[in-house]
Amino acid sequence: MPVGSKLRNRLTIWSFILLIMLLGAGGFFCYHAQQQELLENLDKQLLSIARNFACSYREVDVSSSTDSSFCQDFNRLSVWQSGEQAVELYSLQGKVLCSNKHPFNSLLSFSPAAEANSSAGKSYFENIGDNSEQKIRRLTTPIIENGQIRYHLQLGHPLEETALNLSHYRLKLITAVLITSICLTICQWLLLGLMINPLAKLSRQMDRTGEENMQQKFMFGPFPGSELQQLADSYNGLTERLAQSLQRARQFSTDVTHELRTPLTILRGETELALRGEKDAEELRRILNSNLEEISRMGHLVEDLLLLSKSELGEIPLKMEAINLNDLLEELHFHGSIIAEPKQIKVELQGPEQQVSLLADAHRIRQVFLNLLTNGIKYTPEGGTVTIDWSLKGEAVRIIFKDTGIGIDSEHQQHIFDRFYRIDKTSNCNDGGSGLGLAIAKWLVEAHGGSIMVCSVPGQGSSFAIVLPLTRKTDPATKQQ
Ligand code: ADP
């Protein structure tokens with residue numbers, strides 16, 4: 001069964017059942033109301049006949065009539081003489097005085113409830129008979145003369161016609177409920193098809209999606225801007241992100257291969273050179289030293305790669321501890337000055353006197369600072385200046401590594417935190433740079449809850465600013481020695 005058909009069929013069946021139940025309940029209510037209305041109309045009719053009878057009855061001089069003439073008058077005055085309706089007159093003692101000829105003799109009787117109500121001056125309605133064909137609606141009402149109850153009058157009307165009307169009405173209702181339910185269900189089935197078919201299409205596209213067609217966009221035609229289109233957008237976004245991530249992974253493995261191939265080629269070349277012909281000890285030492293340099297370069301590269309991949313898997317737990325920022329920056333300033341000495345670059349440290357304590361992983365945060373400091377020295381020409389400038393910004397500390405170096409073009413600035421991104425690849429290779437330093441720095445700063453940004457003017461220098469959340473400030477008096 002195609003995707004979506006099951007859901008469509010199930011929803012259709014459920015909605016059909018629900019519709020039948022709801023419309024059935026509505027139909028039942030209408031049927032009941034109709035039944036009530038018919039009975040009320042009949043009751044009104046019976047009451048009006050009884051009233052007419054009572055008025056006409058006064059025209060007869062009952063006292064002067066004999067029993068039989070009285071009944072003749074009664075029959076003459078009886079409004080219903082068709083023989084189907086029953087009219088009976090009872091004495092106050094419950095004795096039948098007169099009765100028209102009707103087929104319900106066996107059904108009519110003077111029930112205690114009817115007698116009690118009529119004796120109390122009230123009209124009383126009741127249904128008599130067991131099955132609908134023989135059922136009659138009976139009214140018992142008193143005939144009052146000069147404020148005195150003289151007789152009890154009973155009118156009986158067969159319910160056969162009412163039952164027939166009701167059964168017609170019921171049939172119409174059932175037909176209407178069924179036709180409406182079927183029509184609505186068909187409409188719903190078609191509408192569901194409009195909604196579910198694109199889902200099935202999406203599912204098929206998902207099944208077909210592979211690396212080669214990941215960029216293919218999915219569009220929901222009939223409902224632009226709807227939730228279905230949102231789903232398509234989410235799917236398109238997901239495949240786009242996946243494609244980008246695959247592209248990054250491919251680029252990463254290409255870069256790794258490239259980065260490892262260069263030192264390996266050098267190693268191989270130099271080793272072959274060493275093995276070729278007679279070499280004196282001095283030359284062999286030079287070759288071995290060069291090989292050692294390449295091996296250590298590869299070692300650093302592998303370490304950096306390991307760190308990045310572990311960071312992605314969340315496998316680098318940061319050992320957070322309170323570290324004294326002032327001490328750390330002073331130590332960096334000292335080391336930076338030594339590294340910068342051959343290029344006669346001045347390394348300066350600027351910042352408030354206040355002692356600041358940071359909650360951070362000392363080893364990792366030092367790695368970040370050192371990377372920015374050495375980059376500043378590396379990309380600054382001889383005689384330049386590298387400044388470490390720090391300040392407090394509310395609940396955070398900002399450390400800026402500023403240099404008077406070559407600067408970075410704006411087109412490169414947005415990429416320098418990407419892995420293996422180097423602006424001048426050839427010169428960096430010679431410097432031992434792999435383009436991983438800033439990617440690692442960014443990840444580490446963000447893992448500390450901070451941020452890193454660059455601001456640079458080509459030819460004038462660059463500033464790398466790190467903002468880290470501050471956990472604790474210490475008083476100048478508590479300065480650690
Ligand atoms: P690398 O190990 O190659 O220095 P990084 O990730 O640390 O790798 O830096 C990426 C690239 O950003 C560098 O190759 C360099 O081109 C550029 N860069 C980094 N810092 C500076 C700076 N202070 N001045 C100019 N360019 C810089």
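Eight salt bridges turn up in a search of the whole structure, which is a predicted model. Side chains of opposite charge can pair when their charged atoms come close.

Start with Arg 137 and Asp 43. Their closest N and O atoms are 2.8 Å apart. Arg 137 is buried, at 11% relative accessibility. Asp 43 is buried too, at 12%.

Next come Glu 126 and Arg 138, which form a salt bridge of 2.8 Å, N to O. Glu 126 belongs to strand β3 (residues 124-128) and Arg 138 to strand β4, twelve residues apart. Glu 126 counts as buried at 12% relative accessibility. Arg 138 is buried at 1%.

Arg 366 is partly exposed, at 26% relative accessible area. Glu 331 is also partly exposed, at 26%.

Ile 174, Leu 178, Ile 182, Ile 186, Trp 189 and Leu 190 make a nonpolar patch of about 550 Å². Ile 182 lies in helix α4 (residues 160-208) and is partly exposed at 42%.

Last, look at the second largest pocket, with a volume of about 600 Å³. Its lining has 21 residues; Arg 248, Phe 252, Phe 417, Asp 418 and Arg 419 lie nearest the centre. Helix α5 gives the largest share, seven residues. The lining holds eight nonpolar, five polar and eight charged residues.

Terms used:
Residues are numbered from 1 along each chain as its sequence is written. This is a predicted model: local features need pLDDT of at least 70, side-chain atom pairs count only at pLDDT 80 or more; totals for chains, interfaces and linings use all residues. Side-chain values use heavy atoms; hydrogens and water are left out. Patches are made of residues with over 30% relative accessible area and no salt bridge: like charges are joined within 9 Å, nonpolar side chains (Val, Leu, Ile, Met, Phe, Trp, Tyr) within 5 Å. Accessible areas come from the Shrake-Rupley method with a 1.4 Å probe; for residues, only the protein chains shown count as cover. A salt bridge is a side-chain nitrogen of Lys or Arg within 4 Å of a carboxyl oxygen of Asp or Glu. Helices (H or I, at least four residues) and strands (E, at least two) are DSSP runs, numbered from the N terminus. Buried means under 20% relative accessible area, exposed over 50%, partly exposed in between (1.4 Å probe, protein chains only). On a 1 Å grid over the protein atoms alone, a cavity is a set of points where a 1.4 Å probe fits but cannot get out, and a pocket is an open set with protein on both sides within 12 Å along at least five of seven lines; lining residues have an atom within 4 Å of a point. Grid points are joined across faces, edges and corners, and a volume is the space filled by probe spheres set on the points. Ala, Val, Leu, Ile, Met, Phe, Trp, Tyr, Cys and Pro count as nonpolar, Asp, Glu, Lys and Arg as charged, and the others, Gly among them, as polar.
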